[in-house]
Amino acid sequence: PGETFDAEKAHSPQELLKDSPLPGAQAALASLTRDWEVSYLSARGARGAFQATLHWLSSHGFPNSGQLVLVNEALDKIDWLQDAAIGFGDRRQRPLLLVDDLS
C-alpha cells in the first residue's frame, strides 16, 4: 500500500524468473490443447519481457502449441482480442478460449 507499481522492474527477466506457476496449471493447459488453441496474452510491455516470458513458459513446461502475445497495458488485451476474432474468421479450425488473470 502506498507504493507505485514499477512495470519495468516487475516484468524484467530477473523478476519474472522468481514467479512460480499455479499448481496444476501446466497439466490443465496441456489438457486444453487437445481441443483448444492455446495462446498466451499478457500485458507486459517492459523491455525484455517477451523473451523472459517465453523462457519462463518453456522452463516451467507449459505447452507451446499456441502463441505468445504481449501488449503494453491490460486494456490493450481487448483490442487484440477483437482483432484476433475478426482475423480468425472461417480459418479457425478449433475453438478459441480466453482464460485471463485480469492483470
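Leaving aside neighbours within four places in sequence, T53 is in contact with L16, R44, L68 and L70, where contact means heavy atoms within 4.5 Å. T53 has its place in helix α4 and is buried, with a relative accessible area of 4%. Here, buried stands for under 20% relative accessible area, exposed for over 50%, and partly exposed for what lies in between, with a 1.4 Å probe and protein chains only. The structure is a predicted model, in which local features need pLDDT of at least 70 and side-chain atom pairs count only at pLDDT 80 or more, while totals for chains, interfaces and linings use all residues. Residues are numbered from 1 along each chain as its sequence is written, and side-chain values use heavy atoms, with hydrogens and water left out.

The chain averages a pLDDT of 79, and 80% of the residues score at least 70; pLDDT is the predictor's confidence in each residue, from 0 to 100. Confidence is lowest in helix α1 (residues 7-10), at a mean of 76, and highest in helix α3 (residues 25-32), at 90. The chain has five helices and two strands, arranged along the sequence as α-α-α-β-α-β-α. Helices (H or I, at least four residues) and strands (E, at least two) are DSSP runs, numbered from the N terminus. Of the 103 residues in the chain, 23% are buried. Among the contacts with a separation of 6 or more, 75% are accounted for by residues 24 or more positions apart. The accessible surface comes to about 7,400 Å², and carbon and sulfur atoms hold 54% of that surface; the areas come from the Shrake-Rupley method with a 1.4 Å probe, and for residues only the protein chains shown count as cover.

After α4 comes G61, whose phi is positive, near 75°.

The two strands can be taken together. β1 and β2 run parallel and are joined by four bridges, where strands pair if DSSP finds at least two bridges between them. L41 stands opposite V69 in β2. Both faces of β1 are covered, with Y40 and S42 buried on one side and L41 and A43 buried on the other. A43, in strand β1, has a relative accessible area of 13%. A43 and H11 are 32 residues apart in sequence, and their C-alpha atoms are 9.5 Å apart in space. In strand β2 lies L68, which counts as buried at 14% relative accessibility. Not counting residues up to four places away in sequence, L68 touches Y40, F50, T53, L54 and L57. L68 and F50 are 18 residues apart in sequence and 8.0 Å apart from C-alpha to C-alpha.

A search of the whole structure finds two aromatic pairs. The rings of Y40 and F62 have their centres 6.4 Å apart and their planes at 90°, so this pair is edge-to-face. Y40 lies in strand β1 (residues 40-43) and F62 in the loop between α4 (49-59) and β2 (68-71), so the pair ties together parts that are 22 residues apart in sequence. Y40 counts as buried at 13% relative accessibility, and F62 does so at 11%. W56 and F62 form a stacked aromatic pair, 5.4 Å centre to centre with 25° between the planes. For these assignments, rings of Phe, Tyr and Trp (its six-membered ring) pair if their centres lie within 6.5 Å; planes under 30 degrees apart count as stacked, over 60 as edge-to-face and the rest as tilted. W56 also counts as buried, at 13% relative accessibility. Y40, W56 and F62 form one aromatic cluster.
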